[in-house]
Amino acid sequence: MIAYIKGKLTHKSPTDIIIETANGVGYQIHITLNTYHKIANQTDLKILTYFIVKEDSQTLYGFADEDERNIFGLLISVSGVGPSTARVLLSTLSSGEVRNAIVAENIALLKSAKGIGPKAAKRIVLELKDKVLKDSGMQSATISQTLTIDNTIREEALSALVALGFNKTQVQKALNRILKVTPNIPDSGELIKQALGQLSS
């Protein structure tokens with residue numbers, strides 16, 4: 001397996017990059033939007049990679065951090081979830097959000113990514129929850145309970161704000177930003193109030 005590639009960034013787009021190594025070889029690497037934003041200002045780069053070999057292709061996927069690569073590897077181990085689908089999911093949500101969604105069995109959040117239907121989302125939760133908990137060293141009951149409460153508040157706020165006429169994608173991004181900074185918001189009313197402040201600015 002190719003663990004990482006280090007060199008000069010000669011091409012960059014939201015979906016792929018080309019890194020030229022010291023020996024003059026250029027590697028095309030598919031990336032997520034989250035990785036794209038993290039490497040935005042870099043010219044010399046070390047990118048973690050996941051190398052996938054099929055009968056008709058050899059493809060490199062690149063990640064800015066180890067957690068995203070680990071989640072990618074777990075996702076493609078799920079029946080029916082290929083590298084492209086895993087990349088879309090990790091472009092829609094951060095690796096931490098995917099991890100939390102799996103633990104909290106948040107099917108709705110996983111389905112928010114293009115190409116992830118109800119069946120695929122349920123398979124991801126079913127096949128990966130125990131693995132994610134084990135990898136993270138979490139205690140299942142405690143984490144699940146906490147995340148389920150947070151998820152209920154988030155879903156109530158999302159429904160209310162969409163009903164008010166705000167764009168669902170913009171609402172989701174605003175809620176994610178708020179909950180990242182203030183994860184222990186007591187109720188959906190407070191979350192809606194903060195989100196309105198961001199969405200109206």
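**Barrel, helices and cores of a predicted model**

Tyr50 stands opposite Tyr61 in β5. The model is a predicted one: local features need pLDDT of at least 70, side-chain atom pairs count only at pLDDT 80 or more, and totals for chains, interfaces and linings use all residues. Residues are numbered from 1 along each chain as its sequence is written, and side-chain values use heavy atoms, with hydrogens and water left out. Helices (H or I, at least four residues) and strands (E, at least two) are DSSP runs, numbered from the N terminus. Two strands are taken to pair if DSSP finds at least two bridges between them.

Five strands form a closed barrel in the order β1-β2-β3-β5-β4, with mixed pairing. From one strand to the next, the twist averages 55°. Axes here are lines fitted to C-alpha atoms, for helices over the stretch in contact, and angles run from 0 to 180 degrees between N-to-C directions. In general, strands of a sheet pair through backbone hydrogen bonds, either parallel or antiparallel.

Strand β1 covers residues 4-12 and strand β2 residues 16-20. Their pairing is antiparallel, over four bridges. A hairpin of three residues connects β1 to β2. Leu9 has Ile19 of β2 as its bridge partner. Ile19 in turn is bridged to Tyr27 in β3. Strand β3 spans residues 26-31 and runs antiparallel to β2, with five bridges between them. The hairpin of β2 and β3 has five residues between the strands, and its Gly24 takes a positive phi near 85°.

The other antiparallel pair is β4 (residues 44-54) with β5 (residues 57-63), over seven bridges. His30 stands opposite Tyr61 in β5. Tyr61 is also the residue opposite Tyr50.

Helix α2 (residues 66-75) lies across β4 and β5 and runs at about 10° to β4. Helix α3 lies across β3, β4 and β5, at about 15° to β5. The buried residues of α3 (residues 83-92) are Pro83, Ala86, Arg87, Leu89 and Leu90. Seen down the axis of α3, they fall within an arc of 160°, so they line one face of the helix. The arc is that of the directions from the helix axis to the C-beta atoms. Buried means under 20% relative accessible area, exposed over 50%, and partly exposed in between (1.4 Å probe, protein chains only).

The largest nonpolar core has 28 residues. Such a core is a set of buried Ala, Val, Leu, Ile, Met, Phe, Trp, Tyr and Cys residues joined through side-chain atoms within 4.5 Å. Phe72, Leu75, Leu89, Val98, Leu110, Ile124 and Leu128 touch the most other members. At least two residues of this core come from each of β5, α2, α3, α4, α5 and α6. Helix α6 supplies the largest share, seven residues. Leaving aside neighbours within four places in sequence, Leu110 is in contact with Leu89, Ala101, Ile116, Ala121, Ile124 and Val125. A second, separate core of 14 residues includes Val171, Ala174, Ile178 and Leu179.

Glu105 lies in the loop between α4 (95-103) and α5 (107-111). Its phi is positive, about 55°, although Glu105 is not a glycine. Most residues other than glycine have a negative phi. With 45% relative accessibility, Glu105 counts as partly exposed.

UniProt places the feature "domain: Helix-hairpin-helix DNA-binding motif class" (unreviewed entry) at residues 73-92 and 108-127. UniProt positions are given in the numbering used here, feature names are shortened, and annotations may be inferred rather than shown by experiment. Residues 73-92 are 65% helix and 0% strand, with end C-alpha atoms 17 Å apart. For residues 108-127 the span is 70% helix and 0% strand, and the end C-alpha atoms lie 17 Å apart. Lys122 lies in helix α6 (residues 118-136). Lys122 is exposed, at 53% relative accessible area. Lys122 and Ala108 are 14 residues apart in sequence and 9.9 Å apart in space, C-alpha to C-alpha.

Note on methods
Contact = heavy atoms within 4.5 Å.
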